[in-house]
Amino acid sequence: MPDANAAVLDARGVNVFYGHSHALQGVDLSLGGGVLSVVGRNGMGKTTLCKAIMGLVPVASGSISFRGAPVCGLNSSEIARMGIGYVPQGRRLWRSLTVDEHLRLASRPGGAWTADRVYSVFPRLAERRGNDGAQLSGGEQQMLAIGRALLLNPALLVMDEPTEGLAPMIVRQVEDMLYRLVEDGGVHVLVIEQNIGVACSVSDQVAIMVNGRINRIVDSSSLAGDRDLQQALLGVGRHAHDEAPEAKASSSDSDKPDSHGPKRIFLSNPALPTRWSKTVPAKVIERTARTATDLIGRPEKESPSGRDQPRSATTVVVAGTLDTKMDEMRFLKDSLESRGLKPRLVDLSTSGKPSSADVPPHEIAALHPRGTAAVFTGDRGTAVAGMALAFERWARRGNIAGMIGAGGSGATAMIAPAMRSLRVGVPKVLVSTVASGNVAQYVGPSDILMLHSVADIQGLNSITREVLSNGAAALAGMVQARKERPNSESGKPSIGMTMFGVTTQCVQNISKRLGAHYDCLVFHATGTGGRSMENLLESGLLAGVIDITTTEICDMIAGGIFPANEDRFGAAIRTGAPYVGAAGALDMVNFGPPDTVPERYGGRLFYEHNPQVTLMRTTREENEEMGRWIGERLNRMRGPVRFFLPEGGVSGLDRPGQPFWDPEADAAFFSSLEATVLANSDRRVLRIPANINDSEFADAVVGEFKSLQVPATRRAVRERRP
């Protein structure tokens with residue numbers, strides 16, 4: 001039987017023959033979760049690998065396992081029933097059957113994927129549901145092939161050349177489909193592709209097949225920026241018998257040129273190559289050559305958590321746009337150097353101009369999943385968004401002791417995501433023209449210190465010198481203090497807990513019972529609190545969560561002032577960490593003073609918590625919607641899940657004699673959640689005949705939490721991280 005904790009797909013030493021032709025030659029490949037792309041030229045064995053996984057060709061030797069269960073020797077239908085879906089090369093649709101008939105044939109009752117869900121993910125199919133397979137465009141056929149496979153409710157989807165034969169515009173549509181599929185979670189994907197742009201954009205890592213073997217596995221950002229390797233893989237500009245170079249270590253460093261000096265880089269294909277690429281004239285190659293400088297001491301890849309900056313880190317980053325803020329950025333760097341630090345200047349300019357920074361913009365832009373072309377677009381909006389994503393990926397590579405940035409709204413938008421990606425405690429100072437207003441969108445759940453620039457950051461003057469000097473001094477002081485500060489960790493693993501005033505007694509009861517073995521971190525469930533907890537969970541700083549107070553969902557559904565965002569529960573979904581939740585305070589929507597309550601809620605039941613906070617009781621309809629919303633996200637969690645329903649009331653105001661006591665409204669949420677959750681041994685919904693603040697409720701939560709084998713040491717937490 002499949003093991004949920006094992007790798008989704010694991011191939012070891014796989015050999016496949018067609019007569020005397022050795023198609024797969026000892027293939028080793030593992031997919032732990034998420035998406036993995038496999039690329040290579042025609043005839044390298046990619047389709048044969050798919051067929052071997054699906055039992056369509058016999059495996060001569062080696063092993064293929066799915067969730068630890070062997071696949072070799074089973075027929076295709078048995079493999080599909082194990083939970084592996086297949087989107088074959090060429091789609092393989094019935095020309096005479098309609099879209100709806102295709103989906104009804106593949107649909108299986110009781111699964112998370114239904115025909116209606118396929119239509120919601122692929123609206124174009126809903127518009128064409130009455131059309132025959134022969135009447136669909138190539139992109140529509142690919143949508144239908146993917147939807148048909150998803151209706152088998154697979155845990156793993158194997159896709160063979162999903163963009164083959166499609167026009168560039170349709171390729172982008174299929175690419176967008178893959179983005180949505182990955183974001184929805186719950187399905188892991190092995191993508192076989194020749195289109196390097198698609199392969200790199202949908203997956204963080206890319207496996208390269210050469211002559212029936214996995215030649216290497218590289219970061220997608222590295223492959224996106226390596227035109228020579230792309231050409232070797234696609235056969236563009238090379239003879240077909242040329243192979244991708246093997247990764248070799250030089251026997252002597254003395255034979256290598258200095259790897260840290262400026263380099264003149266000529267791109268033989270200035271744009272990402274595709275099957276439709278034409279030969280590039282020499283004058284174009286010369287004109288598009290660029291200069292790059294390596295960052296000394298940079299790790300080769302991101303840290304496992306993406307936010308693992310230790311106190312021993314030494315790199316202090318000064319980030320900004322040097323094409324418009326050269327003097328200001330140099331001033332910040334000089335100020336930090338005068339305080340004994342050795343900062344590195346990172347240029348986030350999107351103009352494409354040459355740069356004298358320690359880290360030029362092209363080096364940052366190359367880390368975008370779609371390469372530099374996605375950053376230097378000539379359009380300010382898309383360029384800023386592209387550079388923000390690329391800089392965030394650069395920052396996640398770790399070894400950062402502190403970061404300071406300065407600029408207007410554009411620079412702030414590019415710098416803030418990178419700062420948020422750093423773990424809590426790493427000093428972050430952002431001098432910005434927008435810091436005097438609402439900065440929630442920039443700070444989010446992180447510990448960024450935003451400093452209002454007062455005057456516009458446009459040249460050095462008496463005001464900007466003072467403010468920038470203060471920002472540099474603040475960062476230098478924090479960096480030095482953090483380095484000298486003794487380690488205050490208790491040695492106990494941390495767990496995150498959410499609390500509201502009306503669930504305080506429950507959280508206190510649980511903390512008392514677990515405090516001897518866990519460091520209990522409590523977050524106030526006011527929108528930002530839930531995001532902060534999930535930020536730490538995804539950073540690998542929490543062993544698990546006891547999400548008692550999920551009330552932020554109420555405000556998101558009904559328009560309250562403390563809403564969650566659409567990614568609530570996302571950290572538990574992505575990390576597979578143990579999750580214990582409860583229906584805490586799901587009986588109330590938060591508003592400000594009474595005169596701020598929207599007019600549409602006239603006649604509802606309200607309770608004045610204090611002069612500044614007015615609470616509104618949730619209705620049956622709202623509770624049913626919340627039950628479905630939460631249940632769908634619980635279904636996508638890979639780790640152990642327990643969700644508790646307190647039948648005696650979900651808050652201190654929801655018990656007999658209290659203003660929000662409404663058993664029928666609570667029952668609507670309970671029933672909706674239970675109907676939505678796909679319960680199994682790892683995912684359970686538990687009813688407790690008590691109020692959420694009663695001692696017996698806390699006992700039940702603690703008992704289940706202990707049974708989940710939550711890591712009991714900080715080291716175990718670090719080793720668990722994906």
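The model is predicted.

Start with E16, residues 428–432. How many of its residues are buried? Five of the five, so the strand is largely enclosed by the rest of the structure. Now look at the side-chain directions. Lys428, Leu430 and Ser432 point one way from E16. Val429 and Val431 point the other way. All are buried, and that includes Lys428.

Next, the neighbours. Strand E15 covers residues 400–407 and pairs with E16. The sense is parallel, over five bridges. Then there is strand E17, residues 449–452. E17 also pairs with E16 in the parallel sense, over four bridges.

Follow Ser432 across the strands. In E15, look at Gly407: this residue stands opposite Ser432. In E17, the bridge partner of Ser432 is His452.

Asn215 is in strand E10, which runs over residues 213–219. Buried or exposed? Asn215 counts as buried, because its relative accessibility is 14% and the cut-off for buried is under 20%. Its side chain also has a polar partner. That is the side chain of Arg216, and the contact is 2.7 Å.

To recap. E16 is buried in five of five residues, and pairs in parallel with E15 and with E17. Asn215 is buried and makes a side-chain polar contact with Arg216.

Conventions: Residues are numbered from 1 along each chain as its sequence is written. This is a predicted model: local features need pLDDT of at least 70, side-chain atom pairs count only at pLDDT 80 or more; totals for chains, interfaces and linings use all residues. Side-chain values use heavy atoms; hydrogens and water are left out. Helices (H or I, at least four residues) and strands (E, at least two) are DSSP runs, numbered from the N terminus. Buried means under 20% relative accessible area, exposed over 50%, partly exposed in between (1.4 Å probe, protein chains only). A polar contact is a pair of N or O atoms within 3.5 Å; within protein, one must be able to donate a hydrogen and the other to accept it, and residues adjacent in sequence count only if both atoms are side-chain atoms. Two strands pair if DSSP finds at least two bridges between them.
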